[in-house]
Amino acid sequence: MKTLETSIRINAEPYEVWYTFTRFHAWYLWNPFYSEVNGLLRKDERLKVTIFPNTPQLLQEMQENATPEAIAARKAVNFDDKQPIRPLNKSSSFSVRVSQYKENEYFEWRRNHLLLGSYRHRFTFRSVGDGQMEFINQLQMGGFLTALGWYGFIKPIYQTGMDNMNLALKQVVESDDFFVDDTVVEYRG
């Protein structure tokens, strides 16, 4: 099982960050990594998740932050380390199930697939006092395809995407210019 964890401190209370983060219908307005989540945030509920990162920005950051492991993994599958990293496609949609949920504290979604392996993404909202909180963004993946592509493709894409998402969430929550109007919520199941 491969694990990736990123975090960021946000000048807000956990309930404020939770409110913005769990308004899935507005993710396309601020989230640079996950463009869409359809469904309701309830335990055992199925969600359809779409990853549609800002590909040019993501690829540039991946090139700039390439680790020796990522370069070695790309060479092992005959990629020239001078060539830019290219995604296999621009977006990816998949179904997950909400496996854990506690309002204002955490939730996670999971997927288990015979061929693709396991996928678990957990989001934690933890108070650190003085009007600040820590947003923890943790991903676990396992399986044959994960083992093959972790250092060369999966880790660099998710690391950069999760870091960008954390920063965007901080900017949105700390901004006075962004407001999510719940009266325009539309269920897209």
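The pLDDT is the predictor's confidence in each residue, on a scale from 0 to 100. The exercises below concern a predicted model.

**Exercise 1.** Determine which parts of the model call for caution, using the pLDDT.

*Solution.* Where pLDDT is low, the predicted coordinates should not be read in detail.

**Exercise 2.** Describe how helix H1 packs against helix H5.

*Solution.* First, take the geometry: H1 (residues 14–21) and H5 (residues 144–174) pack at an angle of about 110°, their axes being 10 Å apart. Angles of 65 to 115 degrees count as roughly perpendicular; the two helices, H1 and H5, are therefore roughly perpendicular to each other. The crossing of H1 past H5 is right-handed. Then identify the residues: from H1, Val17, Thr20 and Phe21 meet Met165, Leu169, Val172 and Val173 of H5. Of the residues in this contact, six are nonpolar, one is polar and none is charged.

**Exercise 3.** Trace the pairing of strands S4 and S5, then that of S5 and S6.

*Solution.* Start with S4 (residues 92–102) and S5 (residues 106–113), which pair antiparallel over five bridges. Lys102 has Tyr106 in S5 as its bridge partner. Three residues separate the strands of this S4–S5 hairpin, and Asn104 in the turn has a positive phi of about 65°. Continue to S6 (residues 117–129), which runs antiparallel to S5 and is joined to S5 by eight bridges. Here His113 stands opposite Gly117 in S6, and a hairpin of three residues links S5 to S6.

Conventions. Residues are numbered from 1 along each chain as its sequence is written. This is a predicted model: local features need pLDDT of at least 70, side-chain atom pairs count only at pLDDT 80 or more; totals for chains, interfaces and linings use all residues. Side-chain values use heavy atoms; hydrogens and water are left out. Axes are lines fitted to C-alpha atoms, for helices over the stretch in contact, and angles run from 0 to 180 degrees between N-to-C directions. Helices (H or I, at least four residues) and strands (E, at least two) are DSSP runs, numbered from the N terminus. Angles under 35 degrees count as roughly parallel, over 145 as roughly antiparallel, 65 to 115 as roughly perpendicular and the rest as oblique. A crossing is left-handed if the near helix is turned anticlockwise from the far one by less than a right angle, and right-handed if clockwise. Contact means heavy atoms within 4.5 Å. Ala, Val, Leu, Ile, Met, Phe, Trp, Tyr, Cys and Pro count as nonpolar, Asp, Glu, Lys and Arg as charged, and the others, Gly among them, as polar. Two strands pair if DSSP finds at least two bridges between them.
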